[in-house]
Amino acid sequence: MFRFLSKISLFSKIFKECRELNLGPWQCPTFVFFILGVINIVAMVSTYLIAKYYTEPEFVALIVIGVAAFFFLISYSVTQGFSQLAQANKMKTEFVSIASHQLRTPLSAMRWIINLLEDNRVGEMANEQKSYLALIKEENERMIKLVNDLLDVSRIEMGKVLLRPSQTNLYILIEKTIKDFAPLAKANNLEIKLEAPETLPNVYADPGKLSMVIQNLIDNAVKYSRGRGEIKIKAEKEGKFVKVAIQDQGVGIPQDQQKQIFQKFFRSDNALKYQTMGTGLGLFIAKSVVEESQGKIWFESKPNQETTFFFTLPVYSL
Ligand code: ADP
């Protein structure tokens, strides 16, 4: 029946989604919802017909009780399903959190040993060995970043994002991040320009987390520029907020995938093609940090022309 129904276009759309989630037809919420609707209509029509021909009210009341009991059972099993799902989701988040914590310790130990070797504290290394060590260091940093991102995601999902907001100088934070990214930008033939008044008001945000957000947005602008055009960063006061815009002239985000861009692990097709490294976690974390700080984050993108990511944060006031 599943195959037959799949041929009808509405069903094929419903089932495609469920098949992607490895769900059978009777576990597929949209399908179950549809079947319930049909049963509801059939039950109402048959109750009407039965009531028309068997006029005894006891008989009709019995049917109505039977139908109500049937729906009660169905809703009980649906509720059970939801609580099982919530439980599984909680266990998954806890697993990610524990695994990331456990991975952090050996990775930090590795970083410590790499630094020891790099500083020649356990003997001089040949140039070729040094270049291999540099590669190991790069991969180690990447793994530490991934583990930290996963830890942040699990904290967000457990509702434990700990922000320590304070008076933060956004101008200095952006300027410093631009300086940090200058070598990478130069290697990609790009220039990062900042347009902001030095009198930009301070914002009320967690400086460490905010710095992560700015780093992620600039990193994305560099990564997805493909060495094309320039990167413009603008910051200005708008009412009780400071608005920041980070614009690049890179690959852009395909129209049909724009809705998913802040979803966890989501990476657009073109990004996957041009830039194989990436986790799809940065924007998910950035959105949570900005929104937890009472700001907003959004973007505008014209594929293959330009992309601008915006965010706002409240101005610090006494
Ligand atoms: P990552 O960059 O590691 O893939 P992010 O969460 O930072 O993860 O970004 C998610 C996705 O959003 C990217 O994979 C890419 O498809 C898209 N994206 C983000 N910034 C840009 C940009 N400036 N230009 C084009 N696509 C972008």
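This is a predicted model: local features need pLDDT of at least 70, side-chain atom pairs count only at pLDDT 80 or more; totals for chains, interfaces and linings use all residues.

Q: Is G24 buried, exposed or partly exposed?
A: G24 is partly exposed, at a relative accessible area of 24%.

Q: Where is G24 found?
A: In the loop between α2 (9-20) and α3 (29-53).

Q: Let's jump to P57. Which helix is P57 in?
A: P57 lies in α4, which covers residues 57-118. P57 is exposed, and its relative accessible area is 57%.

Q: What separates the C-alpha atoms of P57 and E17?
A: A distance of 45 Å, for two residues that are 40 apart along the chain.

Q: Zooming out, how many helices and strands does the protein chain have?
A: Nine helices and seven strands. The radius of gyration is 28 Å, well over the 20 Å that the globule rule gives for 318 residues, so the chain is more spread out than a compact globule.

Q: What box do the C-alpha atoms fill?
A: Roughly 95 × 50 × 45 Å, taken along the principal axes.

Q: What share of the residues is buried?
A: Buried residues are 34% of the 318. As for the accessible surface, the total is about 20,500 Å², and carbon and sulfur atoms hold 60% of that.

Q: How about contacts, what share comes from residues 24 or more positions apart?
A: 64% of the contacts with a separation of 6 or more.

Q: On to the inside. Which residues touch the most other members of the largest nonpolar core?
A: L170, I192, L210, I218, I233, V244 and F311, out of 45 residues in that core. There is also a second, separate core of six residues, with I14, C18, C28 and F31 among them.

Q: Pick I233 for me. What is I233 in contact with, leaving aside its neighbours within four places in sequence?
A: The list is I174, I178, I192, K193, L194, E195, I218, V244, A245 and I246.

Q: What about N216, buried or exposed?
A: N216 is buried, with a relative accessible area of 14%. Its place is in helix α7, residues 207-223.

Q: Which residues does N216 contact beyond its neighbours within four places in sequence?
A: G282 and L283. The C-alpha atoms of N216 and T177 are 10.0 Å apart, and those two residues are 39 positions from each other along the chain.

Q: Changing topic to backbone angles: what is phi of F265?
A: Near 70°, a positive value in a residue other than glycine. Most residues other than glycine have a negative phi. F265 sits in the loop between β5 (241-248) and α8 (269-274), and is partly exposed at 48% relative accessibility.

Q: And what about phi of Q294?
A: Q294 has a positive phi of about 70°, although it is not a glycine. Q294 lies in the loop between α9 (282-292) and β6 (296-302). Its relative accessible area of 57% makes Q294 exposed.

Q: Last one, on charges: how far apart are the mean positions of the positive and negative charges?
A: They are 3 Å apart, for 38 positive and 32 negative charges.

Conventions
Residues are numbered from 1 along each chain as its sequence is written. Side-chain values use heavy atoms; hydrogens and water are left out. Helices (H or I, at least four residues) and strands (E, at least two) are DSSP runs, numbered from the N terminus. The radius of gyration is taken over C-alpha atoms; the globule rule is 2.2 Å times the number of residues to the power 0.38. Buried means under 20% relative accessible area, exposed over 50%, partly exposed in between (1.4 Å probe, protein chains only). Contact means heavy atoms within 4.5 Å. Accessible areas come from the Shrake-Rupley method with a 1.4 Å probe; for residues, only the protein chains shown count as cover. Lys and Arg count as positive and Asp and Glu as negative; His and the chain ends are not counted. The place of a charge is taken as NZ of Lys, CZ of Arg, CG of Asp or CD of Glu. A nonpolar core is a set of buried Ala, Val, Leu, Ile, Met, Phe, Trp, Tyr and Cys residues joined through side-chain atoms within 4.5 Å.
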